[in-house]
Amino acid sequence: MEEVDVEPTTTPIPGFDSNQKHLGFVWGPGDILVYETIYKASGGSAGGCPFVHEVRKDEDIYSPILRKLFNESHHIFVGLQRIREDLPSKNKKPQFVSISKNYRSVIRACMEELQQVAVYHNDSLGNTLLSLELIWNLCEVLFIDAAPAGSLVLHLLDWVRLHKADVDEKAREVLASESPAEHQAYWDVVISYVLQGRMDEARQVLVKQAALQPAARVMFKLLDNLLMKMPIFNPGETQTLTEFDVKWRHWREEVDHCLQDQSFASNRHLEDICKILVGDEDVLLEYKELLSTWYHFLVTRLLFSHPTVKPTELHYYAQSSMHMFLDTRSVPEPLDSILLAAFEFDIHQVIKDCSIALNNWWFVGHLTDLLDHCKLLQSHNLHFGSNLREFLLLEYASGLFTHHSLWQLAVDYFDHCPEFGRVYLELQIERVPLDTERKALKVIRICEQRQMTEQVRSICKIMAKKALRNNRLGSALSWSIRAKDAAFATLISERFLQDYCAKGTFSDLDLIDNLGPAMLLSDRLTFLGKYREFHRLYGEKRFSDAAKLLLSLMTAKIAPHSFWMTLLTDALPLLEQKEVIFSADQTHELMFCLEELTSGKSQLFTLASLARVKQLFTLH
Amino acid sequence: CANGINAKYVSKKISKTRWRPVSSSSLQQPDIFATGSWDNEDNSISIWSIGENGVSSMDDEFEGDPQLLCEYKHNGDVLDLQFLDQDRIVTASSTGAVTIFRHHHNSQTLSVSKLWERAHHYPCNNAPCTGVVCNSPEIVTVGEDGRIMLFRADQEGVLRTIEKADSSAIHAVTFLRTTEILTVNSIGQLKLWDFRQPGNEPSQILSLTGDRVPLHCVDRHPNQQHIVATGGQDGMLCIWDVRQGNMPISLMEAHTSEMWEVHFHPSNPGHLFSCSEDGSLLHWETSSNTDTPSFLQGGRNTSIISRSAIAPAGGNQSLINAWLTGDSSKGHLETTHMLPSQMLSVNSLDVLGQCLVCGTDGEAIYVNRHVPI
C-alpha cells in the first residue's frame with residue numbers, strides 16, 4: 001500500500017532545471033503536459049529545452065497483467081448491471097455474493113500471474129493487489145454477505161485464514177522433515193493452527209509430539225480432548241445462538257478448570273495453548289509474530305472470548321485490538337485505517353480512504369457499484385449533482401478513455417451512469433484517433449447504437465474528407481451514405497462532374513454505374529447517376545431513350561444550371577442524327593431551356609457555340 | 001465458463017486468429033494457431049499452442065489454456081493474417097505493408113522473412129492493406145487504396161498490380177479458382193477478377209438491388225466454387241451463386257451489427273460460422289445430410305428470412321422453410337450461439353476439424369475443441 005505522504009511527491013523532469021527556468025503545464029484527461037517557459041528564474045542563463053513532456057500519474061493502466069483485470073472485471077460489471085431490478089433483494093444476495101467472489105478471483109488471478117512473472121519491480125503492484133483483495137473480502141463478509149452474530153466470527157476466520165496461507169507451507173515443511181516433533185518450527189505450526197481456529201489440524205500435528213513423550217500421554221490426551229470438544233457454531237443446524245453460547249461457556253469453564261488445576265504446568269507450550277483457548281490476551285500478544293497483524297489478533301480474540309459477537313459490537317473490539325497490538329509510536333498505515341473503517345461499518349470512510357491511497361479508480365469504482373446494487377450506500381448527492389457511485393465510475397471510465405486501447409471498455413461504464421454518462425461519452429468519443437476505416441466503423445457503431453447522430457455525422461465527415469483528399473471518391477461516397485450527409489454527397493458529385501468536364505470521361509465508372517438507391521441522397525448525385533445513364537444509353541444507340549432522359553434532366557431541374565450548356569451540347573449530336581429523335585414538343589422544350597440560358601446571368605458559353613445551337617434548333 | 005469454452009485474456013485486442021493448417025490426410029486436430037493484434041501501441045503477431053506441446057494439464061476433462069509459444073512486434077494493426085504454409089504467415093498491416101513471417105519450430109521464434117512496405121498506398125500517405133489470401137506461393141492482397149496486388153513468396157518484386165480496381169475501399173478477398181479471385185468493397189459490390197485477362201477491369205460485378213451495404217467478409221464454399229457467402233455492415237448473411245447473375249440465393253438476418261468474418265467449415269460445408277461486432281459468434285448448420293445445405297437449394301427467389309437468429313444456446317430448432325418448394329425436411333437450419341452473452345466485438349474466427357478459435361475486443365481468445373459438426 002502506498003504511504004500517505006505528508007508532502008506531495010516531486011517528479012523530476014529530465015532536461016529541466018527548475019532553478020533556471022519556470023515550468024509551465026496544462027492538464028489533460030489523465031496526464032499533464034509540461035514545458036519550459038521563457039521566464040527565467042533570477043540569474044538563469046539562456047538556452048532552453050525544446051521538448052514537451054507528458055507526465056502520467058497512473059502507470060498501472062499500461063501494465064499488461066493489470067489489463068486482464070480491467071477486461072475481466074468489465075465483463076463482470078456489465079453482467080451485474082443487467083441483473084433484474086424487480087427481483088426481491090433476498091433472492092439477490094447470493095447473486096451479489098457470487099459476483100463479489102468473481103471480482104476477487106480476478107484479483108487473485110492477476111496476483112498469481114504477477115508471482116509467476118516474478119518481476120521484482122512489480123512487487124509493489126503485487127502487494128497492492130494483495131491489500132485490495134483483503135479489503136474487498138472484508139467488505140464482502142461485513143457488508144454484502146452481512147453475516148449475523150454467530151456466523152460472523154466464522155466468516156472472519158475464513159477471511160484471516162485466506163490471507164495467512166504461510167501456515168500450511170510451514171506445516172508441510174515440518175511434517176516432511178525426519179522428526180517433525182523436533183523441528184524448530186514445530187510449536188509455531190501448532191500454535192498458528194490454534195490461533196486460526198483449525199483444531200483438527202492442530203491435533204494432527206500434536207499427535208507427533210505425543211508419540212515422543214509417552215510419559216505425558218495423559219496430558220496430551222486431555223488437551224486433545226479439549227480441542228476436539230470446542231463448540232463451533234453451525235448456522236445450518238437448529239441450534240440457536242443462545243444454546244451455542246451456553247455450550248461454549250460450559251466448555252470454556254472446563255478449559256479454565258484445567259488451567260487452575262495446573263494440569264499442563266509441566267509443558268509450557270501446552271499451557272500456552274490452554275491459555276489461548278480461554279482467550280488470555282497477554283498470552284496472545286506473546287505470539288505477535290505468529291499473528292503478524294492486528295486483525296488476526298482481533299479475530300482470534302473474538303473466537304476465544306466473544307464468538308457470538310454482533311456486527312454492531314465489532315468496532316469496539318477492532319479498535320482495542322489495534323491499540324493493543326500495534327506499537328503506540330508507530331503511525332497507522334492506510335490499510336489499517338481502511339480496515340478499521342470497515343469494522344466500524346463506515347462504508348463511506350472506506351471508499352474515501354481507498355480513493356486517496358490508490359492511484360486509479362478501478363477498485364473504488366467497482367466496489368462502490370456493487371455496494372450500491374446491494375442498496376448499502378445512502379443516496380446522498382454530491383455537490384455537483386451525481387451520486388458517489390456515478391462519480392467514481394465516471395472518473396474510472398474517463399481514465400480508461402485516455403488509453404489507446406481500453407477506451408472501448410469505458411463506453412459500457414458510461415452507459416450505466418444515468419446522469420452524466422452520455423455527456424461524457426459524447427465528448428470523449430469524438431477524440432478517439434481514427435487511423436483505419438475499421439476503427440472508425442467501430443466508433444460509429446457505438447455512436448449509432450446510442451443515437452448520437454451528431455457524432456456519427458462528424459466522424460463520417462472526417463473519414464469522407466480523408467478519402468476525398470486521397471481521391472477515393474467511392475469511399476467518400478460510402479461515408480456520406482452512412483451519415484446520410486446530402487451536402488457531402490453533393491460535394492462528391494461536383495468532383496465527379498468537374499473531372500468529367502476536365503477530362504471528357506468519367507472516372508470510377510464502377511461506382512457511378514452502380515449507385516442504386518444511394519442516388520437519391522442528393523439531387524446532384526441523382527443527376528450524376530442519370531447523366532451517366534444518358535451516356536450509356538447513347539453508347540448503346542438507344543437514342544430516343546437517351547433524348548428523353550436528357551430532356552427530363554433539364555426540365556425536372558435536376559441538372560445544375562452550370563451544366564445546362566454541356567447538356568445542350570450533348571443534345572447536338574442527337575439533333576444531327578438523320579432520323580428525327582426529338583419530337584416537336586421536345587424540341588420546343590429544348591428551345592425553352594436555351595432561351596432560359598441565354599437570358600440568364602451565366603456567361604459560360606461562347607457566342608459561336610450559341611449561334612450554332614440556335615441554328616440547329618431552328619432547322620427543326 | 002459457458003458452453004465448454006474458456007476465455008484466455010491476452011492484454012491486447014485481437015483482430016485475427018487463424019489455425020495452422022494440418023495436412024488433410026492426417027486426422028489430427030489442429031494444435032497451433034496464430035493471432036494478430038490491433039489498436040495497441042505495440043501490436044504483435046503471436047503463435048499459440050493448445051496441444052501437447054505446451055499444456056501441462058493432468059486432467060483429461062480440464063483442457064488447458066492456450067500457451068504462448070512466441071511473439072513478434074508488428075508495425076501497425078494486423079488487418080489480416082493467413083498461413084502461407086506450415087512455417088510462414090503473411091500479414092496485412094494498417095500501414096499498408098505486407099509481411100511474411102517465418103516460424104522457427106526448433107527455437108520457437110518468429111522472424112521477418114519478407115516485407116513489401118508500401119504495397120498499398122495513396123499518392124501521399126500509406127493506405128491500410130485490408131485483406132490477404134494465399135495459394136502458395138502466390139499471395140494476393142487488397143487495400144483501402146482500391147488496388148489489388150499479386151506477389152510471389154519467393155520473389156522480391158510485385159508480380160502484378162491492378163490499379164484503380166475499385167473506387168472504394170476493398171475489404172476482403174478470396175480465391176474462387178487458382179486464377180480467379182473475388183473481392184468485396186465498401187459500396188456493397190462483389191467483383192470477380194480473372195488474372196488470365198490483362199487490364200484492370202473485373203470480369204463481373206455483383207451487388208444487391210436496394211441498399212448497397214458495405215461488405216466486410218467473403219468466403220467460398222469448399223467444394224462448390226461458384227457458391228460464396230458474404231457478410232457486411234448490416235449483419236446479414238448472403239449466399240451467392242456467382243454464375244447466376246445479380247441476385248443472391250438467400251439473405252438471412254444474422255447479427256445486429258457488422259459481420260466481420262464468415263467461414264464455411266472446410267471439411268463439413270453444411271456448417272457455416274460467422275462473427276460480429278455485436279459480440280456473437282453463430283454456428284449455422286443444416287440438419288440434412290446432403291452435400292448441398294438447404295440455404296443453397298433455393299431457387300431464384302431471394303428469400304429474406306425475417307426470423308432473427310437470436311437462438312438460445314443449446315440450439316433449439318428454428319425452422320426456416322421459406323425457400324424450399326419441395327421437401328420441408330430439408331429446410332432445417334439451426335443457429336447456435338457459441339459464446340456467452342454481453343461480449344465486446346468478436347473480430348475473427350477460424351474453424352478446422354473440431355476446433356474453433358476466435359478473438360475479441362475484450363482482449364480475450366476463446367478456443368472450443370469440441371465443435372459439434
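This is a predicted model: local features need pLDDT of at least 70, side-chain atom pairs count only at pLDDT 80 or more; totals for chains, interfaces and linings use all residues.
Biologist: Let's pick a sheet. In what order do β22, β23, β24 and β26 of chain B run?
Modeller: These four strands of chain B form an open sheet in the order β22-β23-β24-β26, with antiparallel pairing. The edge strands are β22 and β26 (333–337) of chain B, each of which pairs on one side only. From one strand to the next, the twist averages 20°.

Biologist: What holds strands like that together, in general?
Modeller: Strands of a sheet pair through backbone hydrogen bonds, and the arrangement can be parallel or antiparallel.

Biologist: Back to β22 of chain B: why is it described as largely enclosed?
Modeller: Strand β22 of chain B covers residues 259–264, and because six of its six residues are buried, the strand is largely enclosed by the rest of the structure.

Biologist: How does β22(B) connect to β23(B), and over how many bridges do they pair?
Modeller: The two strands form a hairpin with six residues between them. β22(B) pairs with β23 (residues 271–276) of chain B in the antiparallel sense over five bridges, and B:V262 stands opposite B:S274 in β23(B).

Biologist: Then what about β23(B) and β24(B)?
Modeller: β23(B) and strand β24 (residues 281–286) of chain B also pair in the antiparallel sense, over five bridges. Here B:F273 stands opposite B:H283 in β24(B).

Biologist: Switching topic, which residues of the largest nonpolar core touch the most other members?
Modeller: That core has 213 residues, and those touching the most other members are A:L156, A:W159, A:L277, A:W294, A:F343, A:F363 and B:L281. Helix α3 (residues 123–144) of chain A gives the most to this core, with twelve residues.

Biologist: What does A:W159 touch, leaving aside residues up to four places away in sequence?
Modeller: On that basis, A:W159 touches A:L134, A:N137, A:L138, A:Y295, A:V299, A:L339 and A:F343. A:F343 was also listed among the core residues that touch the most other members.

How values were computed. Residues are numbered from 1 along each chain as its sequence is written. Chains are lettered from A and ligands numbered from 1 in the order in which they are written. Side-chain values use heavy atoms; hydrogens and water are left out. Buried means under 20% relative accessible area, exposed over 50%, partly exposed in between (1.4 Å probe, protein chains only). Two strands pair if DSSP finds at least two bridges between them. A nonpolar core is a set of buried Ala, Val, Leu, Ile, Met, Phe, Trp, Tyr and Cys residues joined through side-chain atoms within 4.5 Å. Contact means heavy atoms within 4.5 Å. Axes are lines fitted to C-alpha atoms, for helices over the stretch in contact, and angles run from 0 to 180 degrees between N-to-C directions.
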